[in-house]
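Me: I would like to go through a structure with you, starting with its overall organisation and ending with its pockets. Shall we begin?

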Amino acid sequence: MNVNGQKVSFHSPAQRLLDYLRDSLELTGAKEGCGMGECGACTVLVDGEPVCSCLVLVGQISNADVVTVEGLAGADGLHPVQQAIVDCHASQCGFCTPGVVVSTTALLARRPQPDETEVREALVGNLCRCTGYQAIFRAITSLGE
Amino acid sequence: MTTESVEAPARTRYVGRSVPTRDADVVVTGELEYLTDMTLPNMLHGKIVRTNVPHGRLLELETEAARRVPGVVAVLTAADVPNNILGAIVPDQPVLVDGLIRQFGDAVALVAGTTVAAAEAGAAAIQMKVETMPAVSDPREALRASAPSLHDGGNLLLELTHERGDVDQALAGAAVVVDRTFLTQVQEHVCLEPGGGVGQYKNGQFTIWAGTQLPGNSQSEVARALMIDPEDVRIISTPIGGSFGSKAEGPFPIFLALLAKATDRPVRIVLTREEVMAVGVKRHPFRVHTRLGLDRDGRIVGLDTDAIVDAGPYAGFSPAVLSIAAEASTGPYSMPNARFRGRAAYTNNSNGGAFRGYGVPQMAFPLESSILEAAERLEMDAAEIKRRNILHPGDPHALYGHTIGPSFRGAETLDAVIDHPWWRDRAAWKEQATGPWERGTGIAAALKGCGYGSAKGDRAGARLQISIDGSITIWAGPNHSGQFIETAYAQVAADALRRPYDEILVVVGDTELVPESGSCAASRSLYMGGGAVLKACEELISRIRAVGLADPIDWNEAGERLGAKGLALVEVYHDAPDVTELGEMHPDDVPRLHPHRVYSSAVHVARVEVNRFTGQVEVRGIACAVDCGIAVNPAGVVGQTEGAILQGIGLALMEDFKLEAGVPQTTSLETYLIPTAGDVPELETIIVEGGEETGPFGAKGIAEVVLVPTAPAITAAIRDAVGVVVDRLPATPETVYRLMEGLKS
Ligand code: FES
Ligand code: FES
């Protein structure tokens, strides 16, 4: 498995990907909000697709390319999605934000100019209790401008 | 979205600007370490053992097997708690149950293990023998003499009554009287971070990293339970993944302290979503009987409110919630006669606690619904009735009689919404309804006090250090509980000191460093904490003047001179001003009723579509006008407003924490539904200006009041669409469908 471009190995295939990332690799950007696929706080990219890392066991994806929120920023600064979230006040407590960033990145890779319905569909699995979502939509819209 | 932004006063540079949230750059990269992300060397993992009955007696607790589980390091029970007592207002809760079980999920033991799995295995090995008792699950039943008592003094936790004028006489002479009972549900906060933290005991000192809105309370609760000096307890309370009232009380910091002391190692406990759902505090459900009388001109002549509040098993903040509800029972309206009677009852249901709005949403729903019904019976426009009755500065508060202060902009806030196209053009919009979707528009208004209220000793502190090179650090509270309040503190300080915003370092959420400042609650953080920051800055400026420096200040020089004289550290306290214009209020009532001097207001217009066949409600738009004094950070005001509206939509339409005989039925996010990105209507925030003289640069607190009108505005819109009176929340499709069927028969 590759995580954020680096080859990694694991010892217990039955470990949840979320625990592997957080406990073994100390990548705590992915958060646990429910542990059952309902909140999206644990979202990471597995071969480019956003998945809930609380629902995946490492043994199921032993050859996959995993990208976490920590792997998105470039050497020269924040990923445009991250910068837009900062600029548009689209994060309050921030606990949902890593998952939102990852889901949005996946959406934009697929659809560089998503319409509102597509944005909503892409984020429907990422619960946010603070922002009311509109600021997140504004951040995404601002990227197309 | 359009947002009228406030023009900052000319002399300021940062107040009034939407500067980005502090730490946002490390939030978006996932680098910010939340307290549940923390690890310490040699750290153990803790697990809480809980009961699975809501009412009963713990007869035996068998822990030997658990102690023998490999990896288990400690098992603690009530016998290990030096002073087994807890409760911010009324100490009526054990830290660990030793006899009576009063809530499903009450904690009976703590286990620490070398791994999470070991701690869980240890917890599973604990055997409990419990004599179950029938749950007291209806607060009205709980108040009957025949009900089993959950506490020594019986089940009436508190009764609060007050009357101004003569309500019975007023209602007898009214042209219309609306007489109805309204029910509101239990609402769960669903902070995205369920909660947790780390405890450490070293050299006789405890350090507890646990998200809380009220670190000073955690500190004193830990000290009381462990019978130690509060000075020996340090609470570090941020960063935190949301709170909304939920992380303000409870035994959690004590659990960490007990385990850390017993094992002499750091211990982390991360709560699961299921645990928080089952035992975390909730928004209190209210049963409210309202009688509202109006004269023929649409003036309110009297209001009688009788509320029964389900406090759950322990007092928590219920007494304060009841008191805030009483004050808000008359809404943002003026009337000559009003009466309130509220009773909070102990039950074996979910534990009622703080939740954004603090009892006020439960009052606004009955009152606003009743005003709408009265308007229909008088064949008048609901907005016009509100306009005729809205409170103005100088009016007496309708229930308490004290004088409403000059910064209250209820009338302007109402007008901002009445002039909004969604309200103005509601008839045309309704006509364009198609298919099974009927359209309707509703309006609702609210007020809420800023701060704890008079005679509550509401105070916040700030410590400011200028170092030898002139740099500034400020330690201030209340702490960040999901909004990075330090952003606004830095804006206030930057303008007060006339220095660049980026040069001001602000630290919050640490009892060792921040002077006691009370809670990040009661719409007081910016109003009170910002006030303390401003005062500290003003003190620094006057010291700088006193050592002979004039404008423009040479900050290097200032740092050196103040340092040399031992004047580099400023510590100030800012006390909330109490009501000064008592008006009709008797002075003796002030310490009983805690009236506020400063109120914010908010008014919403909601447009909804209701499916005539299914009862499904879709919210299409909500515009909120908010009376915030001055918006220190307009994007922050918009963010608080939009987030609150979504929580209000949840309260109005979907969120319903269900219990059956005290046993939770909605146990996870699979069954407890909150609004998602798919549920967001068009939102608009209209900022209504007008400074408050006692707030920093004119600011008032708003993060609660903006939630209050959402539910009644939506239910008013439902009524406009399909003609039904929604008398209970949430207005689920089943409820609305049933009400529509009722209309037919
Ligand atoms: S923690 Fe994985 S979806 Fe909530
Ligand atoms: S910012 Fe708090 S949950 Fe989204």
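Predicted model: local features only at pLDDT ≥ 70, side-chain atom pairs only at ≥ 80, totals over all residues.

Me: What domains does the assignment give for chain B?

Reply: For chain B there are domain 1 (3–32 + 457–575), domain 2 (35–134 + 189–279), domain 3 (137–187 + 290–346 + 357–403) and domain 4 (405–450 + 596–745). The bounds come from an automatic or database domain assignment.

Me: How far apart are the centres of domain 3 and domain 4 of chain B?

Reply: Taken over C-alpha atoms, the centres are separated by 19 Å. Their contact (heavy atoms within 4.5 Å) takes 37 residues from domain 3 of chain B and 40 residues from domain 4 of chain B.

Me: Now the largest nonpolar core. Which residues touch the most other members?

Reply: They are Tyr133(A), Leu653(B), Ile714(B) and Ile718(B), in a core of 165 residues. Such a core is a set of buried Ala, Val, Leu, Ile, Met, Phe, Trp, Tyr and Cys residues joined through side-chain atoms within 4.5 Å, where buried means under 20% relative accessible area (1.4 Å probe, protein chains only). Helix 10 (residues 360–377) of chain B gives the most to this core, with nine residues; helices are DSSP runs of H or I with at least four residues, strands are runs of E with at least two, and both are numbered from the N terminus.

Me: What does Tyr133(A) touch?

Reply: Leaving aside residues up to four places away in sequence, Tyr133(A) touches Asn126(A), Leu127(A) and Cys128(A), as well as Leu646(B), Pro675(B), Thr676(B), Ala677(B) and Val680(B).

Me: On to the largest pocket. Which residues lie nearest its centre?

Reply: Gln185(B), Asp656(B), Lys658(B), Leu729(B) and Pro730(B) do, out of 46 lining residues. A pocket here is an open set of points on a 1 Å grid over the protein atoms alone, where a 1.4 Å probe fits, with protein on both sides within 12 Å along at least five of seven lines; lining residues have an atom within 4 Å of a point.

Me: Which element gives the most to that lining?

Reply: Strand 23 of chain B does, with four residues.

Methods: Residues numbered from 1 in each chain as written. Chains lettered and ligands numbered in written order. Heavy atoms only, no water. Buried < 20%, exposed > 50% of the residue type's maximum accessible area, 1.4 Å probe, protein only.
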